[in-house]
Amino acid sequence: MPILDEHRTFVAGRWVTGQDVISVENPADETHVHDLTATPLDEVEQAIAEARRSFDAGVWANRPVTERARKLLEFIDHVEANAATVIPTLVAEAGQPTRFADMTQMRAGVGIARQTIELYSSMRHEKPSPVPVDDLVRGRVALSIRRHEPVGVVTAITPYNAALIMGFQKLIPALMAGNSVILRPSPLTPVSSLIFGKAAEAAGLPDGVLSVVAETGTAAAELLTSHPAVDMVSFTGSTLAGRKILAQAAPTVKRVSLELGGKSAQIYLPDAVDRAAVGAAMVVMSTAGQACVAATRMLVPEEQRAQVLDAVSAAYRNIKVGPPDSADATMGPVISGAQRDRCERLVRAAEENGGKVVCGGGRPAGLDRGYYFEPTVLDLPDNANPAAQEEIFGPVIAVLGYRDLDHAVEIANDTIYGLSGQVYGADVSAAVGVARRLRTGAVNVNTTVFSAYAPSGGYKQSGLGRERGPDGIREFQEVKHMSIGELSR
């Protein structure tokens with residue numbers, strides 16, 4: 001199927017051709033997917049300058065909310081209308097199954113984008129604040145107002161595993177709030193994000209309000225996270241990269257919103273262990289475990305641990321690994337050779353520290369090309385094991401036993417991360433009680449919800465701020481307080 005045929009990047013309303021070529025590889029078979037030219041650094045600088053100009057001039061921020069909403073709905077419509085090209089692009093550059101690219105990235109992304117506009121339009125962005133009675137009596141203040149205004153120029157940096165939906169999650173709330181935005185997608189999967197430049201052009205967004213830049217390294221990202229004309233950085237990616245961005249943003253005291261790594265736990269109460277095989281499958285299906293929210297630590301009652309290991313291993317052996325275009329494949333590759341090497345290294349480290357490989361643990365037989373790794377089940381002796389502490393970002397799950405629910409909570413919270421979590425129990429009250437004690441930004445109890453109305457984000461080293469929900473919109477706004485009184489005569 002044809003992929004997005006664009007070799008340029010989008011800078012402040014212009015399509016720019018650079019000298020350096022970004023060669024995109026298909027991780028499913030290591031073939032060449034597409035070439036596009038990297039945005040020259042002077043053009044990245046121009047994107048920043050034009051974003052600053054467009055924001056300061058108010059060409060977008062000063063438009064009525066209804067008009068911004070109308071333009072962004074046209075923007076979203078254009079992306080959706082090109083699904084037949086964008087979806088194969090996502091599959092080719094990220095090695096994702098077509099169903100994931102279609103249902104999760106395109107359809108859910110479009111749905112969340114439209115919901116975000118609805119949510120923003122329903123929120124009050126200027127409202128009275130309470131005024132102390134004594135101030136009113138003395139006539140010092142007639143009115144106190146809290147006003148939410150756009151931050152200004154926003155850098156949005158998206159990851160390889162969900163380029164389209166993460167682009168929507170950052171661009172729509174930032175643009176609805178009136179900001180000017182520069183999008184920099186992952187160098188591993190830059191092609192699909194060019195649709196946002198096409199959509200900006202089709203919807204007639206003012207020049208400078210949105211740019212889409214691409215690169216092979218990090219020079220543009222470093223400029224975009226350190227430049228004094230940029231007011232905010234919104235980043236989704238690894239904790240290591242997030243730390244670097246914080247350091248780059250610090251000299252200019254930018255606002256920074258980070259959704260970073262995770263080592264989430266799925267906790268099974270004794271009355272719910274029969275659900276464990278399904279929960280384990282969800283970790284690796286579609287994304288090959290490449291999701292920051294993936295619950296890669298499975299916590300089960302110690303006395304039922306052997307039973308769970310058998311069930312989870314049986315489920316993993318039934319997962320068909322192969323190219324996304326294979327009719328029977330249910331899991332594809334990881335993104336690169338380096339990522340596959342990381343999976344191998346951490347599985348070895350798990351064994352060296354007392355862990356056992358119960359299922360998988362290496363490269364699948366018969367797949368000589370492509371960056372595949374077997375769905376892997378680890379039986380770990382304790383939570384200090386490297387495979388329980390480090391984010392692997394691959395199809396590897398660790399099973400640990402707990403003595404009682406206090407011990408389960410202790411294990412779940414024993415991590416530098418705190419992005420997500422899951423609790424399963426027929427006794428819902430008991431499951432909710434466990435969920436309340438988890439130090440993590442989101443917890444799913446027996447179900448899940450993914451919506452523009454539901455926020456996500458991390459505790460501890462899983463990030464700063466929130467995406468989606470009212471809190472996610474407020475990330476892209478400053479708060480101004482105005483106290484208004486009558487002039488004394």
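Hi everyone, and thanks for having me. Before we start, please keep in mind that this is a predicted model.

Let's begin with helices. Two packed helices are described by the angle between their axes and the distance between the axes. Our opening pair is helix H2, residues 65-81, and helix H4, residues 98-122. Their axes lie 11 Å apart, and the packing angle is about 175 degrees. An angle over 145 degrees counts as roughly antiparallel, and that is why H2 is described as roughly antiparallel to H4. Which residues of H2 and H4 make the contact? On H2 they include Val65, Leu72, Leu73 and Ile76, and on H4 they include Met106, Val110, Ile117 and Tyr120. Charged residues take part too, among them Arg68 and Asp77 of H2 and Arg114 of H4. Sorted by class, the H2 contact with H4 has 11 nonpolar, 1 polar and 4 charged residues.

Now turn to another pair, helix H10 (residues 276-284) and helix H11 (residues 305-317). Here the angle is about 45 degrees and the axes are 9 Å apart. H10 and H11 are therefore oblique to each other, and H10 passes H11 in a right-handed crossing. From H10, the contact uses Ala276, Ala277, Ala280, Ala281, Val283 and Val284. From H11 come Val308, Ala311, Val312, Ala315 and Tyr316. How many nonpolar, polar and charged residues does the contact of H10 with H11 have? There are 11 nonpolar residues, with no polar and no charged ones.

Seven strands build an open sheet with mixed pairing, in the order S14-S15-S16-S13-S12-S17-S18. At its edges are strand S14 (356-359) and strand S18 (444-445), and each of these pairs on one side only. Inside the sheet, strand S13 (residues 297-301) and strand S16 (residues 396-402) run in the parallel sense, paired over 5 bridges. If you want a spot to look at, find Val300, which stands opposite Gly401 in S16. H11 packs on this sheet and touches S13, S14, S15 and S16. The direction of H11 makes about 165 degrees with that of strand S15 (376-379). Helix H12, residues 337-352, also packs on the sheet, where it touches S14, S15 and S16. For H12, the angle to the direction of S15 is about 20 degrees.

There is another open sheet to see, with 3 strands in the order S5-S6-S20 and antiparallel pairing. Which strands are at the edges? They are strand S5 (126-128) and strand S20 (477-484). Ignoring direction, neighbouring strands of this sheet are turned by 20 degrees against each other on average. S5 and S6 pair over 3 bridges, with Lys127 having Arg146 in S6 as its bridge partner. Strand S6, residues 143-150, pairs with S20 over 8 bridges. Along that pairing, Glu149 has Glu478 as its bridge partner, and Pro150 stands opposite Gln477.

Last topic: salt bridges. The whole structure has 23 of them. One that you can look up joins Glu43 and Arg14, whose closest N and O atoms are 2.7 Å apart. Glu43 sits in helix H1 (residues 41-57) and Arg14 in strand S2 (residues 14-16), so this pair ties together parts that are 29 residues apart in sequence.

That's my tour, and I'm happy to take questions.

Conventions:
Residues numbered from 1 in each chain as written. Predicted model: local features only at pLDDT ≥ 70, side-chain atom pairs only at ≥ 80, totals over all residues. Heavy atoms only, no water. Axes fitted to C-alpha atoms, helices over the stretch in contact; angles between N-to-C directions. Helix = DSSP H or I, 4+ residues; strand = E, 2+ residues; numbered from the N terminus. Parallel < 35°, antiparallel > 145°, perpendicular 65-115°, else oblique. Contact = heavy atoms within 4.5 Å. Left-handed = near helix turned anticlockwise from the far one by under 90°. Pairing = 2+ DSSP bridges. Salt bridge = Lys/Arg side-chain N within 4 Å of Asp/Glu carboxyl O.
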